[in-house]
Each structure stands twice: as structure tokens, then as C-alpha cells.
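I opened the notebook today to look up secondary structure, surface and charged pairs. Here are my entries, in the order I made them.

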Amino acid sequence: MLRDRNETSHVYDEEKARNIYKNIVDYFPEMKKTCLRLKTRFHENRSEPADD
């Protein structure tokens, strides 16, 4: 994913751009699960008192 992200700013070849797009579509389900997991964890931790 990082390689594709880094290449997007330097891609001027349509075929490469299409391949990166396809990869992103393939990554999306895992990215969505990770985002939801982080949101859940963040919201659970917000209700706990801070350890200062």
C-alpha cells in the first residue's frame, strides 16, 4: 500500500495508474476494517480517565 501511495504522485503512465487503482480497490476492505477497529478503540479509551 505504501509503495502505491508513494508512486501516485509520480505516475504519468495511464496503465500504471490503473494498476494502482486496482490495488487500492483490493486494499479497501482491510483498510475499512482497520479504520473501524481504531475508531472503536479510540472511543473506548476516551471514556477512561487520563493517566497523568
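**Surface and fold**

I began with the surface: the accessible area of the protein chain comes to about 5,300 Å², and carbon and sulfur atoms hold 55% of that area. I used the Shrake-Rupley method with a 1.4 Å probe, and for residues only the protein chains shown count as cover.

A note on provenance: this is a predicted model, in which local features need pLDDT of at least 70, side-chain atom pairs count only at pLDDT 80 or more, and totals for chains, interfaces and linings use all residues. Residues are numbered from 1 along each chain as its sequence is written, and side-chain values use heavy atoms, with hydrogens and water left out.

Next I looked up the secondary structure and found 2 helices and 0 strands in the protein chain. Both terms refer to DSSP runs numbered from the N terminus (helices: H or I, at least four residues; strands: E, at least two).

How much of the chain is buried? I found that buried residues make up 6% of the 52 residues. My cut-offs on relative accessible area were under 20% for buried, over 50% for exposed, and partly exposed in between (1.4 Å probe, protein chains only).

**Salt bridges**

I then turned to charged pairs. Side chains of opposite charge can pair when their charged atoms come close. My rule asked for a side-chain nitrogen of Lys or Arg within 4 Å of a carboxyl oxygen of Asp or Glu. How many salt bridges does this rule count? I got 3.

*Glu 14 and Arg 18.* I found the closest N and O atoms of this salt bridge 2.6 Å apart. Both residues lie in helix 2, which covers residues 14–46, and they sit 4 residues apart, about one turn of the helix. Glu 14 is exposed at 52% relative accessible area, and Arg 18 is exposed at 54%.

*Asp 26 and Lys 22.* Here I read 2.9 Å between the closest N and O atoms of the salt bridge. Asp 26 is partly exposed, with a relative accessible area of 47%, and Lys 22 is partly exposed at 48%.

*Lys 33 and Glu 30.* I noted a salt bridge between these side chains at 3.4 Å, N to O. Why are Lys 33 and Glu 30 about one helical turn apart? They are separated by about one turn because they are 3 residues apart in helix 2. Lys 33 counts as partly exposed at 49% relative accessibility, as does Glu 30 at 42%.
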